[in-house]
Amino acid sequence: VGILQFTGCANVTIRDITVCYSDSWTFDLEGGDGVVIDGVSIRNNYYRVNADGIDPVSCRNVRISNCHIVAGDDCIVCKTRPGQPCEDIVITNCVLESIATAVKIGTESPGDFRNILVSNCVIRNSTVGIGLYLKDGGAAERIRFSNCTIETIRRPELASESLKDSVYPIFVDIEKRRADSLLSRIRDLTFSDLSILSDNGILIQGM
């Protein structure tokens, strides 16, 4: 169980609070419309599995800004439920550190992702900086990443042997979760003005 869960909410503002050591998703936003998260600090255990920072799940009109997040899983991750898109999301002016992925779209992706802007963020000490993982048939379109600094984890072997081959500043992947899963699509994806320091390159792959 996470610290805060909002289901079917509208016009919610979370501002200027600090949360430490959540055992699971810190902010779980399910089907929200009109959510503002500003000036929030999340300091989870860097080695705690499933300790996400902020999870907008099939939400609309979400603004996440001026946050500092350290997470043992994804810092900010957009997910979808079947037939319910995640759209009109703005993430800006955040500092993010994750042993998993700092900014992620997926992997839960039966619904579409549309109109997502990530800008002016500092990503550091992260296994994956920006990740799109489409596995369940949903489309990702009109996605923008701009003016961000990405530094991947320097010594993955100190965290886990399994991380050595998993370090990517940008990872974009389309694959079926199961043999009978629908095939996802990615289109109109833009990266601009990124500064990257990493031992590995960018990986973009599909089925």
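Threonine 92 is placed in strand β11, which covers residues 86–92, strands being DSSP runs of E of at least two residues, numbered from the N terminus. The model is a predicted one, in which local features need pLDDT of at least 70 and side-chain atom pairs count only at pLDDT 80 or more, while totals for chains, interfaces and linings use all residues. Residues are numbered from 1 along each chain as its sequence is written, and side-chain values use heavy atoms, with hydrogens and water left out.

With a relative accessible area of 16%, threonine 92 is buried, where buried means under 20% relative accessible area, exposed over 50%, and partly exposed in between, for a 1.4 Å probe and protein chains only. The side chain of threonine 92 makes a polar contact of 3.3 Å with the side chain of serine 119; such a contact is a pair of N or O atoms within 3.5 Å, of which, within protein, one must be able to donate a hydrogen and the other to accept it, and residues adjacent in sequence count only if both atoms are side-chain atoms. When neighbours within four places in sequence are left aside, threonine 92 is in contact with Ile64, Ser65, Asn66, Ser119, Asn120 and Cys121, contact meaning heavy atoms within 4.5 Å.

Asparagine 120, one of the residues in contact with threonine 92, has a positive phi of about 55° although it is not a glycine. Asparagine 120 belongs to the loop between β14 and β15 (122–126) and is partly exposed, at 34% relative accessibility. A positive phi of about 55° is also found at aspartate 16, likewise not a glycine, in the loop between β2 (10–15) and β3 (18–20); aspartate 16 is exposed, with a relative accessible area of 57%. The peptide bond from glycine 106 to threonine 107 is cis, with omega near 0°, and threonine 107 is located in the loop between β13 (101–105) and β14 (113–119). Most residues other than glycine have a negative phi, and most peptide bonds are trans.

Threonine 107 is also among the residues touched by aspartate 136, together with Glu108, Ser109, Pro110, Arg177, Leu182 and Ser184, residues up to four places away in sequence not being counted. Aspartate 136 is buried, at 16% relative accessibility, and its side chain reaches the backbone nitrogen of serine 109 at 2.9 Å. Because aspartate 136 lies in the loop between β16 (128–134) and β17, and arginine 177 in the loop between β18 (168–174) and β19 (185–197), the pair ties together parts that are 41 residues apart in sequence. Arginine 177 is partly exposed, with a relative accessible area of 38%.

The structure holds 14 salt bridges. In one of them, the side chains of arginine 48 and aspartate 23 meet at 3.7 Å, N to O; arginine 48 lies in the loop between β6 (41–43) and β7 (54–57) and aspartate 23 in the loop between β3 and β4 (27–30), so that parts 25 residues apart in sequence are tied together by the pair. Arginine 48 is partly exposed, with a relative accessible area of 38%. In another, the side chains of aspartate 112 and arginine 114 meet at 3.4 Å, N to O, and aspartate 112 is partly exposed, with a relative accessible area of 23%. A network of salt bridges links Arg60, Glu87, Asp112 and Arg114.

The largest nonpolar core has 44 residues, and those with the most contacts inside it are Ile37, Ile54, Ile64, Ile69, Ile91 and Leu96; a nonpolar core is a set of buried Ala, Val, Leu, Ile, Met, Phe, Trp, Tyr and Cys residues joined through side-chain atoms within 4.5 Å. Strand β17 (residues 139–152) gives the most to this core, with five residues. Isoleucine 37 is in contact with Ile14, Phe27, Leu29, Ile54, Arg63, Ile64, Ser65 and Cys67, its neighbours within four places in sequence being left aside. A second, separate core of six residues includes Tyr46, Val70, Ile99 and Val167.

Methods: Helix = DSSP H or I, 4+ residues; strand = E, 2+ residues; numbered from the N terminus. Salt bridge = Lys/Arg side-chain N within 4 Å of Asp/Glu carboxyl O.
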